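Have a look at the structure first.

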Number of protein chains: 2
Amino acid sequence: MNIKALYKLGYGVYVVTSKKDDRINGQIANTVFQVTSEPPTVAVSINKNNLTHGVIKESRVFAASVLCQDTPLTFIGRFGFKSGRDSDKFKGVDYKTGETGAPIVLDNAVSYLEARVTKEMDVGTHTIFVGEVVNADVISDKICMTYDYYHQIKGGKTPKAAATYIEEKKIEKVPKEATS
Amino acid sequence: MNIKALYKLGYGVYVVTSKKDDRINGQIANTVFQVTSEPPTVAVSINKNNLTHGVIKESRVFAASVLCQDTPLTFIGRFGFKSGRDSDKFKGVDYKTGETGAPIVLDNAVSYLEARVTKEMDVGTHTIFVGEVVNADVISDKICMTYDYYHQIKGGKTPKAAATYIEEKKIEKVPKEATS
């Protein structure tokens with residue numbers, strides 16, 4: 001099995017946030033996707049070890065901002081490679097409070113959505129939260145960042161907690177006919 | 001709510017297939033995504049009205065081929081806008097039988113994976129099937145097609161049964177500040 005085949009799946013890059021009581025938190029995720037159109041419903045896969053996981057699980061709401069292609073790596077690093085336990089990720093970040101109470105990140109955002117969790121599924125290290133979209137808007141016509149662009153052009157890394165993290169030892173060489 | 005915000009979510013374009021007894025079927029999907037890395041697990045959201053849905057539900061296996069950017073619209077139309085009830089979608093298509101028995105489409109494919117369903121979640125019009133990856137390979141170094149490229153460059157449409165279908169009447173104009 002060449003696990004690198006999974007690298008070819010396409011994703012965007014998102015800041016997923018939530019709020020419980022006075023606690024707001026957010027993290028980078030690439031697994032935000034629409035699962036039904038009627039009603040508009042989205043899903044997100046979140047690592048159980050992440051602070052955002054506990055906040056969504058309790059509050060039953062989340063927001064997701066779609067990041068633009070020219071989002072600085074430092075911005076992604078702030079939300080993707082640091083824990084809200086150790087730092088205030090939102091310090092100096094432009095955001096507004098959504099209808100659900102979740103903070104909607106506006107910096108580097110092309111569009112955003114807010115959802116109320118209707119279902120969840122335990123998939124081992126992660127939980128897939130499914131939520132009905134209650135608010136959404138487009139705020140920029142900038143090009144969206146793809147996860148492939150983040151890796152190939154920006155030189156971005158994947159943290160260990162990500163759904164798409166693959167240990168180097170598991171990666172086989174691409175077959176010769178595929179690289180020639 | 002501007003539902004067009006959901007158009008900004010990033011996806012690839014895939015042929016998802018399955019087999020039950022002598023019946024093979026496949027369809028286009030854009031919602032294939034990795035949900036955990038340990039073990040490698042993927043999910044796919046399939047409309048309950050699609051023939052492929054019933055085949056996966058019974059056989060508990062599916063395969064997904066990642067389509068390349070230059071996949072002809074006629075090829076996507078064959079798997080995406082026709083039903084396996086009315087035509088043999090695989091006629092003239094290069095595919096091989098995978099470890100799970102599911103047909104793995106090789107034409108226009110960059111990589112593929114096969115999975116055995118471990119969980120499923122009813123999300124209304126669709127079912128999210130979650131499966132552990134049992135086989136995967138990279139077969140080309142071509143650029144993958146993004147769902148955005150399919151729409152914007154290829155002029156592709158979204159069928160009504162898709163998770164990401166949005167009726168025209170629901171689409172609000174992009175705010176003026178976003179287009180100026």
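Contact here means heavy atoms within 4.5 Å. This is a predicted model, where local features need pLDDT of at least 70, side-chain atom pairs count only at pLDDT 80 or more, and totals for chains, interfaces and linings use all residues. Residues are numbered from 1 along each chain as its sequence is written, chains are lettered from A and ligands numbered from 1 in the order written, and side-chain values use heavy atoms, with hydrogens and water left out.

Of the interface residues of chain A, 98% are also interface residues in chain B, so the copies meet through the same surface. A rotation of 180° with 0.0 Å of shift along its axis puts chain A on chain B, RMSD 0.0 Å (least squares on C-alpha atoms of residues with pLDDT of at least 70 in both). That is the relation of a two-fold axis. In chain A, the C-alpha nearest the axis belongs to Y11(A), 2.5 Å away.

Now for chain B: seven strands make an open, antiparallel sheet in the order 2-1-5-8-9-4-3. Strands (E, at least two residues) and helices (H or I, at least four) are DSSP runs numbered from the N terminus, and two strands pair if DSSP finds at least two bridges between them. Strand 2 (23-29) and strand 3 (32-37) of chain B are the edges, each with a single partner strand, so one side of each has no neighbour in the sheet.

| Helix (chain B) | Angle to strand (chain B) |
|---|---|
| Helix 1 (residues 51-59) | about 55° with strand 1 |
| Helix 2 (residues 73-80) | about 120° with strand 2 |

Methods: Axes fitted to C-alpha atoms, helices over the stretch in contact; angles between N-to-C directions.
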